[in-house]
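Visitor: I am new to reading protein models. Could you take me through this one, feature by feature?

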Amino acid sequence: MQLGALDDLVMPTYKPRPVTFVSGHGATLVAATGDAYLDMVAGIAVASTGHAHPKIAEAIANQASRLVHTSNLYGTEPQLALAERLAAISGGMLSFFANSGAEAIECALKLTRKWAGPDRSTIVATQGSFHGRTFGALAATGQPGKQAAFQPMVPGFVHVPYGDADAIAAVLDSGVAAVLLEPIQGEAGVIVPPAGYLTAVRNLCDEAGALLILDEVQTGLGRTGYWLAAEHEGVKADIVCLAKALGGGLPIGACLAQPPIAAAFAPGDHGTTFGGGPVQCAAALATLDVIEDESLLERSTVGGDRLASGLDALGMGSVRGRGLMVALELDEPVAGKVAAAALERRVLVNDATPTALRFVPPLVITDEEIDRAVAVVGESIDAI
Ligand code: PLP
């Protein structure tokens, strides 16, 4: 098999892939050449429990040998157990299981429309945000460059500057059904809003009778040191979207809603063939177990501090983030070149923007691996 031919056989939606991986363990990925790479990307904040975790592999294999698919016409034990687990994590929210982050967002948008009715259809989102590539999620995304070629967008979205509660207050009128935010903007380059922002937005939504939808697709499930990043401010959303880390690498998303809001949906309003399938749910349950058993919330905080202070000590740019969701903002637009230089040194880092290197490694990463990544980033910046 010609592994290098992949880019000739799939649609040109991704940049040419520089390396082909065949296996992984912990924070290491092994290429077809046999070379080992230190993974500071984790499939973009997905492989929080590390690659090929034996407990997750076992849960997937066990479930696959019992039952893989039933459709949502019928119940399965793993879906019930996962819904119970997410209710416990979220303080009693009800789940809709999807297959991706974008689909979790689509569910949130449709639920909001159904809850609010046709006279109250505006959703306030933020500039620079990223919510996915399907049409609703793309319209919610505050990046005109990603929308330009696909106009017209789904109507009903207003975008305001991120981190500015006054900007939200200025547009919150009786036509607004919800405010949709990432607690930390991920794809924009790990933009952390000012302290008190989420609390202020929560209060504004309460005063206006609008919903607060938090997109925790990237920040959720331990990435920032809490199950949900909104816990840093003790804020409870009306709707929360999860995906990425949830399935330990298998495709699963979840839209969680407070029960009175979820009650706006009736049978037939929304659905998906594959969402919440037994194998994905078994993988998610095992993933949540590993996060708990291996104290990965604490590890995210401690490892994140080490990573941030290591990058800061390089003196090569400013560092921001929370837990193991960190960015190094460079003084010049060379993040792509630095990422390429790090790849040559067998460390994977992501250039989220032309100036920002993003680090979202597996939460199981060791101190030694963090130090190695920091050293390679320093060498790579020196080299370009
Ligand atoms: N929301 C956020 C905050 C994301 O970071 C992403 C993906 O990067 C999405 C939604 C979309 O998720 P998916 O790629 O699984 O559709």
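Visitor: What should I know about the model itself?

Guide: The model is predicted: local features need pLDDT of at least 70, side-chain atom pairs count only at pLDDT 80 or more, and totals for chains, interfaces and linings use all residues. Residues are numbered from 1 along each chain as its sequence is written, and side-chain values use heavy atoms, with hydrogens and water left out.

Visitor: Which residue forms a salt bridge with E187?

Guide: The general idea comes first. Side chains of opposite charge can pair when their charged atoms come close. Here a salt bridge needs a side-chain nitrogen of Lys or Arg within 4 Å of a carboxyl oxygen of Asp or Glu. E187 forms one with R358, and their closest N and O atoms are 2.7 Å apart. The two partners are 171 residues apart, with E187 in the loop between β7 and α9 (197-208) and R358 in strand β15 (residues 356-359). Those labels count DSSP runs from the N terminus: helices (H or I) have at least four residues, strands (E) at least two.

Visitor: Is R358 buried or exposed?

Guide: R358 counts as buried, because its relative accessibility is 2%.

Visitor: How many salt bridges are there in the whole structure?

Guide: A search finds 14. One of them joins R299 to D367, with the closest N and O atoms 2.9 Å apart. R299 is in helix α12 (residues 296-314) and D367 is in helix α14 (residues 367-383), so this pair ties together parts that are 68 residues apart in sequence. R299 has 19% relative accessibility, so it counts as buried. D367 has 33%, so it counts as partly exposed.

Another pair is R306 and D371, with closest N and O atoms 2.7 Å apart. R306 belongs to helix α12 and D371 to helix α14, 65 residues away. R306 is partly exposed at 34%, and D371 is partly exposed at 35%. Salt bridges with shared partners join R299, R306, D367 and D371 into one network.

Visitor: Now the sheet. What is the order of its strands?

Guide: In general, strands of a sheet pair through backbone hydrogen bonds, either parallel or antiparallel. For two strands to count as paired, DSSP must find at least two bridges between them. This is an open sheet of seven strands, ordered β4-β10-β9-β8-β7-β5-β6, and the pairing is mixed. Its edge strands, β4 (94-98) and β6 (157-160), each pair on one side only. From one strand to the next, the twist averages 20°.

Visitor: How do I follow the pairing strand by strand?

Guide: Begin at β7 (residues 176-181). Four bridges join β7 to β8 (residues 211-215), and the two run parallel. A178 stands opposite L211 there. Next, β8 and β9 pair in the parallel sense over three bridges. D215 has C241 as its bridge partner. Then the sense is antiparallel: β9 and β10 pair that way over four bridges. I239 stands opposite A257 in β10.

Visitor: Which way do the side chains of β9 point?

Guide: I239 and C241 point one way, V240 and L242 the other, and all are buried.

Visitor: Which strands does helix α4 lie across?

Guide: Helix α4 (residues 77-90) lies across β4, β9 (239-242) and β10 (253-257), at about 125° to β4. Angles run from 0 to 180 degrees between N-to-C directions, and axes are lines fitted to C-alpha atoms, for helices over the stretch in contact. Contact means heavy atoms within 4.5 Å. Helix α5 lies across β4, β5 (122-126), β6, β7, β8, β9 and β10, at about 165° to β9.

Visitor: Where is Q63, and what does it touch?

Guide: Q63 is in helix α3 (residues 54-64). Q63 has 9% relative accessibility, so it counts as buried. Not counting residues up to four places away in sequence, Q63 touches P78, P278, V279 and A282.

Visitor: Where does G323 lie?

Guide: G323 lies in the loop between β11 (318-322) and β12 (325-329). G323 counts as buried because its relative accessibility is 12%. Leaving aside neighbours within four places in sequence, G323 is in contact with R223, T224, S300, T301 and G304.

Key:
Buried means under 20% relative accessible area, exposed over 50%, partly exposed in between (1.4 Å probe, protein chains only).
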